[in-house]
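Trainee: I should like to learn how to read a protein model feature by feature. Please give the general idea each time, and then the case at hand.

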Amino acid sequence: MLDVDVSCTRGTFRLEAALRAEPGRVTAIVGPSGAGKSTLLRVVAGLESPVRGHVTVDGAAWTDAASATWRDPEHRAVGWVPQDLALFPHLSVRDNVAFGVPGPREDRRVRAEALLERFAVGDLADRAVGTLSGGQRQRVALARALARDPRVLLLDEPLASLDPDTRARVRDELRESLVSLACVTLLVTHSPDEALRLGDDLLVLESGRVTQRGPVRSFADDTGAGWAAGFLRARPAER
């Protein structure tokens, strides 16, 4: 269980957010641009320090401002897939996935190849990442994020760089991958379609505050006037 209740300031912006997320479920975090969605992910990852509050996983404190508890990012069991995927262009697909995994070189190689096979890109292990398609790059980035067995997986607009047709296909492939994971998953998206198709739960941030939350299905047919209702009504026709 991920339990977050924090206050964080960046310049004149202030984030006040709380959430609880369970393993095996995807929480889709949505809201207007500048609402604090990516900042919330950075707080969980240990890339931002809150002025108040805590981040705990299964009762263990990763951040606790009251007791000055702080676990550095490299010591948090977090997998991260940023918007640009952040793959290393000078490394092979295999070495991208193995990067940062502890243990002997041969063990890291075996771990990387097993994950690449899981995401159906095992035959690309020796390729340079610059030669991959958008969908292939996304699968490699997800494999790398899972290589250290994270307790929390953070996805920040992971499909944003894909063209519409590839994005629709990879979105469905990503959902198949996510349902098999035992970790907590937080997904930031500006796409109502992705929020509905990938998320189990929805959390709405507006101006640094949580304004709505609940199971995605409770919002799917919402005809009210809240931000989530307007957001989800904007989704395109099904592909």
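Mentor: A residue is called buried under 20% relative accessible area, exposed over 50%, and partly exposed in between, with a 1.4 Å probe and protein chains only. At 25% relative accessibility, Ala77 counts as partly exposed. The model is predicted: local features need pLDDT of at least 70, side-chain atom pairs count only at pLDDT 80 or more, and totals for chains, interfaces and linings use all residues. Residues are numbered from 1 along each chain as its sequence is written, and side-chain values use heavy atoms, with hydrogens and water left out.

Trainee: Where does Ala77 lie, and which residues is it in contact with, leaving aside its neighbours within four places in sequence?

Mentor: Helices (H or I, at least four residues) and strands (E, at least two) are DSSP runs, numbered from the N terminus. Ala77 belongs to the loop between strand E6 (69-70) and strand E7 (78-81). Contact means heavy atoms within 4.5 Å. Apart from neighbours within four places in sequence, Ala77 is in contact with Trp62, Pro150, Arg151 and Val152. Asp5, by comparison, is 72 residues from Ala77 in sequence and 19 Å from it in space, C-alpha to C-alpha.

Trainee: Is Asn96 buried or exposed?

Mentor: Asn96 is buried, with a relative accessible area of 0%. This residue is placed in helix H2. Once neighbours within four places in sequence are set aside, the contacts of Asn96 are Leu87, Phe88, Leu91, Val129 and Arg144.

Trainee: What does the same reading give for H5, and which of its residues are buried?

Mentor: Helix H5 (residues 164-178) has 15 residues and should span 21 Å; its end C-alpha atoms are 21 Å apart, which agrees. An α-helix has 3.6 residues a turn, so residues three or four places apart point the same way. In H5 the buried residues are Thr166, Ala168, Val170, Arg171, Leu174, Ser177 and Leu178. These pack against strand E3 (26-30), helix H3 (105-118), helix H4 (134-146), strand E8 (152-156), strand E9 (184-188) and helix H6 (192-198). At the start of H5, the backbone nitrogen of Asp165 has a side-chain oxygen of Asp163 within 3.2 Å.

Trainee: How many salt bridges does the structure hold, and which residue does Asp201 pair with?

Mentor: A salt bridge is a side-chain nitrogen of Lys or Arg within 4 Å of a carboxyl oxygen of Asp or Glu. The structure holds 19 of them. Asp201 pairs with Arg25, and the closest N and O atoms are 2.9 Å apart. This pair links distant parts of the chain, 176 residues apart: Asp201 is in strand E10 (residues 201-206), and Arg25 is in the loop between strand E2 (13-21) and E3. Asp201 is buried at 18% relative accessible area, whereas Arg25 is partly exposed at 26%.

Trainee: What does the salt bridge between Asp126 and Arg94 tie together?

Mentor: In this bridge, the closest N and O atoms of Asp126 and Arg94 are 2.7 Å apart. Asp126 lies in the loop between H3 and H4 and Arg94 in helix H2 (residues 93-98), so the pair ties together parts that are 32 residues apart in sequence. Asp126 is exposed, with a relative accessible area of 64%, while Arg94 is buried, at 16%. Both belong to a network of salt bridges that links Arg94, Glu106, Arg109, Glu113 and Asp126.

Trainee: Finally, how many helices and strands are there in the chain, and what share of its residues counts as buried?

Mentor: The chain has 8 helices and 11 strands, and 49% of its 239 residues count as buried.

Terms used
Expected span 1.5 Å × (residues − 1). Polar contact = N/O pair within 3.5 Å; in protein donor to acceptor, adjacent residues only side chain to side chain.
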